[in-house]
Amino acid sequence: MQPVAAVVVTYNRKDLLLECIAHLKAQVIERSLATGGPVPCDEELGIIVVDNASTDGTREALEPFIAAGAIDYRNTGANLGGAGGFNYGLREAVKAGYDYCWVMDDDCMPHPDSLQGLIDAHYRLEGEYGYLSSVVRWKDGSICKMNVQRHPLTHNIEDFTLPLQPCTLASFVSLFVPSRIIREVGLPIKDFFIWTDDWEFTRRISRIHPCYVVGGSVVTHASANNGAGTIVDDVPERLDRYRLVYRNDVVLYRGEGLAGYGFLVARGLGHMLRVLRHSPDNKLKKIGIIASSNIDGLRFKPPIEFVDGEGE
């Protein structure tokens, strides 16, 4: 059994997934978690592909890897969203006996030394951390805006040159988590479906353990654009997706007590004002989505599931 499982969630993006797997297979391990010395990549790293029931021929494209035992392919049987996929994948990785989970989307392209940078940080910290997060760059080499970590809670990290720096919130684009931590805090909330699952999960960890951004581990996020849209300027057919953003964020920030509720109110009012000032259309609908979704979030009580239990 390799000590590390790369948990890759995919849905109808077989070409990106194949590229991601190629980058994982190209990792160079000079200091192993298992032996402390150089090892072949396949002795250090297992790959679990969690397929959210893709319909684009993903299973067929992966057949050579599956037949060779080069990956562990898991089809969820339905589109569980990113949140459900990571919940499923992390559960399976921990139950399979992996000591560490390296979490990523199918459009994350690790550099040859990305895992080694995380392993080096593990040794430097003597294993005393909740999670490690890589520096995420976009295809042109600039920092990927949608994956900027935060520390403290509402402040974006700006300097990515430091070898190690504290981290409060991080994304699922190259997140390294010991399995013992997952057993302790539980799995990502699958009922989120998409959005905020990574921030809520990493905040759950950073409340009780020191967590870090690792300057020596860099990955490329091969997303279509460098940055996510906002409700202010997104196209009409995507507006209903923001109901999940605002609803799920309430679950994250209410965990911060009065300060979290204060942030939600201030942010909600600020977003409504931006819609009034800058949105080209659908202003009333956008304001309604912001207001109603925040209210829905107050009633939304999704359970946290644990690897060996039903949840709480």
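A word on geometry before the helices: axes here are lines fitted to C-alpha atoms, for helices over the stretch in contact, and angles run from 0 to 180 degrees between N-to-C directions. Helices (H or I, at least four residues) and strands (E, at least two) are DSSP runs, numbered from the N terminus.

This is a predicted model, in which local features need pLDDT of at least 70 and side-chain atom pairs count only at pLDDT 80 or more, while totals for chains, interfaces and linings use all residues. Residues are numbered from 1 along each chain as its sequence is written, and side-chain values use heavy atoms, with hydrogens and water left out.

Start with α9 and α10. Their axes come within 8 Å and cross at roughly 150 degrees. The two helices are therefore roughly antiparallel to each other; the classes are under 35 degrees for roughly parallel, over 145 for roughly antiparallel, 65 to 115 for roughly perpendicular, and oblique for the rest. The crossing of α9 and α10 is right-handed, meaning that the near helix is turned clockwise from the far one by less than a right angle, with anticlockwise being left-handed. On the α9 side, Y246, D249, V250, Y253 and R254 meet G260, Y261, F263, L264, R267 and H271 of α10, where contact means heavy atoms within 4.5 Å. By class, that contact of α9 with α10 has six nonpolar, two polar and three charged residues. For the classes, Ala, Val, Leu, Ile, Met, Phe, Trp, Tyr, Cys and Pro count as nonpolar, Asp, Glu, Lys and Arg as charged, and the others, Gly among them, as polar.

Next, α10 (residues 258–278) and α11 (residues 283–299). These pack at an angle of about 170 degrees, with axes 8 Å apart. That makes α10 roughly antiparallel to α11. Their crossing is right-handed. The α10 residues Y261, L264, G268, H271, M272, V275 and L276 meet K283, K286, I287, I290, A291, N294 and L298 in α11. The contact of α10 with α11 has nine nonpolar, three polar and two charged residues.

How do the axes of α9 and α11 cross? For α9 (residues 242–254) and α11, the axes come within 8 Å and the angle is roughly 45 degrees. That makes α9 oblique to α11. This crossing of α9 and α11 is right-handed. Among the residues in contact are Y242, R243 and R247 of α9, and S292, S293 and D296 of α11. The classes for α9 with α11 are six nonpolar, four polar and four charged.

Now the second largest pocket, with about 180 Å³ of space. V250, Y261, L264, V265, G268, L269, M272, I290, A291, N294, I295 and L298 line it. The elements giving two or more residues to this lining are α10 and α11, and α10 gives the most, with six. By class, the lining has 10 nonpolar, two polar and no charged residues. A pocket is an open set of 1 Å grid points over the protein atoms alone where a 1.4 Å probe fits, with protein on both sides within 12 Å along at least five of seven lines; lining residues have an atom within 4 Å of a point. Probe spheres on points joined across faces, edges and corners fill the volume.

Finally, a cis peptide bond joins H151 and P152 (omega about -5 degrees), and N12 has a positive phi of about 55 degrees.
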